[in-house]
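Good morning, and thank you for coming.

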Amino acid sequence: MSQAVAVAPAARPARRALNRWELWGRALVLPYIVVFVVFVLYPVGYGLWLARSPQNYVRLFDDPIFFRTAINTVVFLFVAVNLKMLIALGLSGFFIVQRWWVKALAVLFILPWAVPSIPTILSVRFMLNPEWGVINSTIFRLTGLDGPNWLNDPTLALSFSMLMHIWKSLPFWTLILLAGRLAIPSEQYEAASVDGASRWQKFRFITWPAMRTLYFTSTILSMIWTLGDFNSVYLLTGGGPADLTHVLATLGIRYLRLDQIELAMASIVVALPLVLPLVYLMMRRLSK
């Protein structure tokens, strides 16, 4: 008669105790996790919860200001960002010149990016004041005529907001593209010069192929950041005149001031169809 033999379950391996460096690593990561949950994950989740009702989007789309804001946002993205990146590409070729006066000019050029945004933009708003601003005062002193009311015309106001955005962020992207140019071996340009290549041919066959990925990735990243650019529009025009220069980054503030929190959150959520494709394109380019 066979006798059943009981097989004891295999003992689980004992958990390894964390060493001192692993404990320190977890302790240092913990504050970041807490900050991320409290100040990022919770606000985003709470905002999505407030904007969950379809009725919020019906009310939002019924507001005529929303469609004007959507158009302003698209214009701001594709005009201001592309113009800024094209100028940055050209200036990166200028600042790569090894001359002392170019280096001195680079220091002055980077100041708008280094100076805080709020006092800078408010100073420009003061300059554009139709009554006592510096620009109109100069026009009156030189011609005896009153200057235009710059910020009371929607087209002019939005144009100045885009110019403000370009002027403020242009130094940063110029430095990024300048770094890309400096990574190109100088021997390629020397060989092209020996072959009699023109400046345009050097750019077309050497500079642009080497910088194409950096340029397009920087443009996409700039578009993502510009969608959240609050200062350039709100501090300069306040969304006026008559709420005609709002972009999606400032429309939510308008609803908050009107005590319509659900609409403010909904106006942010509707920006996701613009943000997510840009994030996807950027990650796809970076993965290559």
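**A walk through the model**

Let me begin with one side chain and one ring: arginine 52 sits over the face of tryptophan 49, 4.2 Å from the centre of the ring. Please keep in mind throughout that this is a predicted model.

Now to the whole chain. How many helices and how many strands does the secondary structure of the protein contain? There are 14 helices and 0 strands.

As for the overall dimensions, the C-alpha trace spans about 120 × 65 × 35 Å along its principal axes. The radius of gyration of the protein is 27 Å, whereas a compact globule of 288 residues would have one near 19 Å. Of these 288 residues, 33% count as buried. If we take the contacts between residues at least 6 apart in sequence, 71% of them join residues at least 24 apart.

Let us turn to one helix, H3, which covers residues 64-95. H3 has 32 residues, and the distance from its first C-alpha to its last is 45 Å, close to the 46 Å expected at 1.5 Å a residue. At the start of H3, a side-chain oxygen of aspartate 63 comes to within 3.1 Å of the backbone nitrogen of isoleucine 65.

My next topic is the aromatic rings. A pair of aromatic rings is described by the distance of the centres and the angle of the planes. The structure holds 20 aromatic pairs. One of them is formed by phenylalanine 61 and phenylalanine 67, with 6.5 Å between the centres and 40° between the planes, a tilted arrangement. Phenylalanine 61 has a relative accessible area of 39% and is therefore partly exposed. Phenylalanine 67 is partly exposed as well, at 46%.

Another tilted pair consists of tryptophan 173 and tryptophan 225, at 5.5 Å centre to centre and 40° between the planes. Where in the chain do tryptophan 173 and tryptophan 225 lie? Tryptophan 173 belongs to helix H8 (residues 154-182) and tryptophan 225 to helix H10 (residues 199-227), so that the pair links distant parts of the chain, 52 residues apart. Tryptophan 173 counts as buried because its relative accessibility is 4%, a value under the 20% limit. Tryptophan 225, at 48%, counts as partly exposed. There is also an aromatic cluster, made up of Trp200, Phe203, Trp208, Tyr215 and Phe216.

We now come to the loop between helix H11 (231-237) and helix H12 (248-257), where histidine 246 lies. Is histidine 246 buried or exposed? Histidine 246 is buried, because its relative accessible area is 1%. Its side chain makes a polar contact of 2.9 Å with the side chain of threonine 250. Leaving aside neighbours within four places in sequence, histidine 246 is in contact with several residues, among them Thr69, Asn72 and Arg254.

Proline 241 is placed in the loop between H11 and H12 too. The peptide bond joining glycine 240 and proline 241 is cis, with omega about 0°. Alanine 242, in the loop between H11 and H12, has a phi near 55°, a positive value in a residue other than glycine. To place these two details in context, most residues other than glycine have a negative phi, and most peptide bonds are trans. Alanine 242 is exposed, with a relative accessible area of 62%.

A positive phi is found again at aspartate 259, near 60°. Aspartate 259 lies in the loop between H12 and helix H13 (261-269), and at 63% relative accessibility it counts as exposed.

Finally, which residues does alanine 157 touch, not counting residues up to four places away in sequence? They are Trp150, Leu151, Thr237, Gly240, Pro241 and Thr245. Alanine 157 is found in helix H8 and is buried, with a relative accessible area of 0%. Alanine 157 and methionine 282 are 125 residues apart in sequence, and their C-alpha atoms are 31 Å apart in space.

That concludes my presentation. Thank you for your attention.

How values were computed:
Residues numbered from 1 in each chain as written. Predicted model: local features only at pLDDT ≥ 70, side-chain atom pairs only at ≥ 80, totals over all residues. Heavy atoms only, no water. Helix = DSSP H or I, 4+ residues; strand = E, 2+ residues; numbered from the N terminus. Expected span 1.5 Å × (residues − 1). Polar contact = N/O pair within 3.5 Å; in protein donor to acceptor, adjacent residues only side chain to side chain. Phe/Tyr/Trp six-rings, centres within 6.5 Å; stacked < 30°, edge-to-face > 60°. Buried < 20%, exposed > 50% of the residue type's maximum accessible area, 1.4 Å probe, protein only. Lys NZ or Arg CZ within 6 Å of the ring centre and 35° of its normal. Contact = heavy atoms within 4.5 Å. Rg over C-alpha atoms; globule rule 2.2 N^0.38 Å.
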